[in-house]
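Biologist: I'm new to this one. Can you show it to me and walk me through it?

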Amino acid sequence: MTDRAAARAAKSTLASQLSARPGVVGIGLARRDSGYVVKVDVADAEAARQVPGDVDGVRVVTEVVGVVRPLRSRTA
């Protein structure tokens, strides 16, 4: 079981490692079982292969979500 503080520290470390990697579209925390994991959203399977399975003993999970684009604003 990983507590939130350890997961936040691991998220910060991982964000620094992945900041320049193409295909990484989001990094956050998620609850799994009775603790926390670092969750990485990626654009495709190739990007997912670049993400480690754990950081500083904290489990990392990936999810392929596709390319993330901002919503277009609607004007009346």
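Modeller: Here is a short tour, from the overall layout to single residues. Keep in mind that this is a predicted model.

Biologist: Start simple. How many helices and strands does the protein have?

Modeller: There are 2 helices and 4 strands. Starting at the N terminus, the order is α-β-β-α-β-β.

Biologist: What box do the C-alpha atoms fill?

Modeller: Roughly 50 × 30 × 20 Å, taken along the principal axes.

Biologist: And what share of the residues is buried?

Modeller: Of the 76 residues in the protein, 30% are buried.

Biologist: On to the sheet. In what order do the strands sit?

Modeller: The order is β1-β2-β4-β3. The sheet is open, and its pairing is mixed.

Biologist: Which strands are at the edges?

Modeller: β1 and β3. Each has a single partner strand, so one side of each has no neighbour in the sheet.

Biologist: Take β2 and β4. Parallel or antiparallel?

Modeller: They run parallel, joined by 5 bridges. Within β4, V61 is the residue opposite K39.

Biologist: What about β3 and β4, parallel or antiparallel?

Modeller: That pair is antiparallel, over 2 bridges. D54 has R59 in β4 as its bridge partner. The two strands make a hairpin, with 2 residues between them.

Biologist: What stands out in that turn?

Modeller: D56 does: its phi is positive, about 55°.

Biologist: Now the helix α1. How does its span compare with what you'd expect?

Modeller: It agrees. Helix α1 covers residues 4-18, and at 1.5 Å a residue its 15 residues should span 21 Å; the end C-alpha atoms are 20 Å apart.

Biologist: Which of its residues are buried?

Modeller: A7, A10, L14 and L18. Looking down the axis of α1, the buried residues fall within an arc of 65°, so they line one face of the helix.

Biologist: Why would residues spaced like that point the same way?

Modeller: An α-helix has 3.6 residues a turn, so residues three or four places apart point the same way.

Biologist: Which ones are exposed on the other side of α1?

Modeller: A5, R8 and S16.

Biologist: And what do the buried ones pack against?

Modeller: Four strands: β1 (24-32), β2 (35-42), β3 (54-55) and β4 (58-64).

Biologist: Let's talk about the core. Which residues touch the most other members?

Modeller: The largest nonpolar core has 14 residues, and L14, V38, V40, V42, V51 and V60 touch the most other members. At least two residues of this core come from each of α1, β2, α2 (45-48) and β4.

Biologist: Zoom in on V40. What does V40 touch?

Modeller: Leaving out residues up to four places away in sequence, V40 touches L14, L18, V24, G26, I27, V51, V60, V61, T62 and E63.

Biologist: Change of topic. Where does T2 lie?

Modeller: T2 is in the segment before α1.

Biologist: Is T2 buried or exposed?

Modeller: Buried. Its relative accessibility is 17%, and buried means under 20%.

Biologist: What is T2 in contact with?

Modeller: A7, G35, Y36, G57 and V58, setting aside neighbours within four places in sequence.

Biologist: Last one. Of the contacts between residues at least 6 apart in sequence, what share join residues at least 24 apart?

Modeller: In this protein, 38% of them do.

Terms used:
Residues numbered from 1 in each chain as written. Predicted model: local features only at pLDDT ≥ 70, side-chain atom pairs only at ≥ 80, totals over all residues. Heavy atoms only, no water. Expected span 1.5 Å × (residues − 1). Buried < 20%, exposed > 50% of the residue type's maximum accessible area, 1.4 Å probe, protein only. Arc of directions from axis to C-beta. Contact = heavy atoms within 4.5 Å. Core = buried A, V, L, I, M, F, W, Y, C linked by side-chain atoms within 4.5 Å. Pairing = 2+ DSSP bridges.
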